[in-house]
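Here are my notebook entries from an afternoon of looking things up. Follow along with the structure open beside you.

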Amino acid sequence: GCPMAKTATLVLRGGSEQFIEESHRSIHDALMIVKRGTQEHTVVGGGGAVEMELSRSLRAAALDIRGKDQLVVLSVARALEVIPRQLAMNSGFDATDVLNALRKSHADPTNLQAGLWTGVDCDNEGIIDTFQAHIWEPALNKANAIAAAAEAACQILQIDETVKNPNSQQPGAADASGVSLAEQQQRTSAAMGGRGMAGMMGRGGRGVRRLK
């Protein structure tokens with residue numbers, strides 16, 4: 001081959017187009033993470049460790065908040081646990097057991113510093129110190145992901161109007177082609193011979209027995 005070459009070609013094969021597209025997306029994401037890692041020299045532990053630590057901090061801060069704002073903070077804390085939960089499910093583990101172990105490790109008051117980077121161990125069912133295990137993520141990527149998720153949630157909450165078609169709410173309103181309900185009924189009746197179902201089936205109607 002070419003030992004001094006600086007480029008490489010990856011050939012993807014799969015049983016379906018969807019599988020190929022998913023593999024292509026995963027490889028592209030992995031390459032972009034490596035590229036960002038070479039440019040950004042600040043890293044954090046992966047495996048959902050950051051999300052679990054943020055969730056713990058928010059739950060603790062929510063205890064000092066009164067009113068409905070406390071529910072908002074608790075909802076954000078619960079939403080952050082989706083990342084480690086999904087990692088555990090994708091690895092074929094019991095997500096409930098893994099999350100319980102993560103909560104216990106991050107909430108242990110005697111081991112806060114060591115439990116700071118505790119995340120999901122995808123190789124062996126359980127939890128692990130992701131920083132010591134060299135499971136890292138660029139800090140800039142993590143900050144951008146959390147900021148983007150918060151902005152998306154705020155945008156959804158700011159939607160206070162809906163697009164309505166007032167004509168569709170009126171009885172007998174016209175459809176998309178401009179034909180009113182009365183016109184639709186007239187056309188249907190004409191197609192049936194002007195006598196409803198009996199006119200459509202002919203005199204007496206097929207299979208219909210007249211009563212004397």
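**Entry 1: two helices side by side.** I looked up how α2 and α3 run relative to each other, and they are roughly antiparallel. In this predicted model, helix α2 (residues 49-62) packs against helix α3 (residues 69-80) at an angle of about 165 degrees. Angles over 145 degrees count as roughly antiparallel, so that is the label α2 and α3 get. I also noted that their axes are 8 Å apart. The crossing of α2 past α3 is left-handed.

**Entry 2: who touches whom.** Next I listed the residues where these helices meet. From α2 I found E51, L54, S55, L58, R59 and A62, and they meet Q70, V73, L74, V76, A77, R78 and L80 of α3. Sorting the residues of this contact gave me 8 nonpolar, 2 polar and 3 charged.

**Entry 3: one serine.** I then turned to S105, which sits in helix α5 (residues 95-107). Is S105 buried or exposed? Its relative accessible area is 16%, and under 20% counts as buried, so S105 is buried. Setting aside neighbours within four places in sequence, I found S105 in contact with N111, G115, T118 and I127.

**Entry 4: the rings.** I asked how many aromatic pairs the structure holds, and there are 2. One of them joins F131 and W136, a tilted pair with 5.7 Å centre to centre and 40 degrees between the planes. F131 is partly exposed at 27% relative accessible area, and W136 is also partly exposed, at 43%.

Conventions: Residues are numbered from 1 along each chain as its sequence is written. This is a predicted model: local features need pLDDT of at least 70, side-chain atom pairs count only at pLDDT 80 or more; totals for chains, interfaces and linings use all residues. Side-chain values use heavy atoms; hydrogens and water are left out. Rings of Phe, Tyr and Trp (its six-membered ring) pair if their centres lie within 6.5 Å; planes under 30 degrees apart count as stacked, over 60 as edge-to-face and the rest as tilted. Buried means under 20% relative accessible area, exposed over 50%, partly exposed in between (1.4 Å probe, protein chains only). Helices (H or I, at least four residues) and strands (E, at least two) are DSSP runs, numbered from the N terminus. Contact means heavy atoms within 4.5 Å. Axes are lines fitted to C-alpha atoms, for helices over the stretch in contact, and angles run from 0 to 180 degrees between N-to-C directions. Angles under 35 degrees count as roughly parallel, over 145 as roughly antiparallel, 65 to 115 as roughly perpendicular and the rest as oblique. A crossing is left-handed if the near helix is turned anticlockwise from the far one by less than a right angle, and right-handed if clockwise. Ala, Val, Leu, Ile, Met, Phe, Trp, Tyr, Cys and Pro count as nonpolar, Asp, Glu, Lys and Arg as charged, and the others, Gly among them, as polar.
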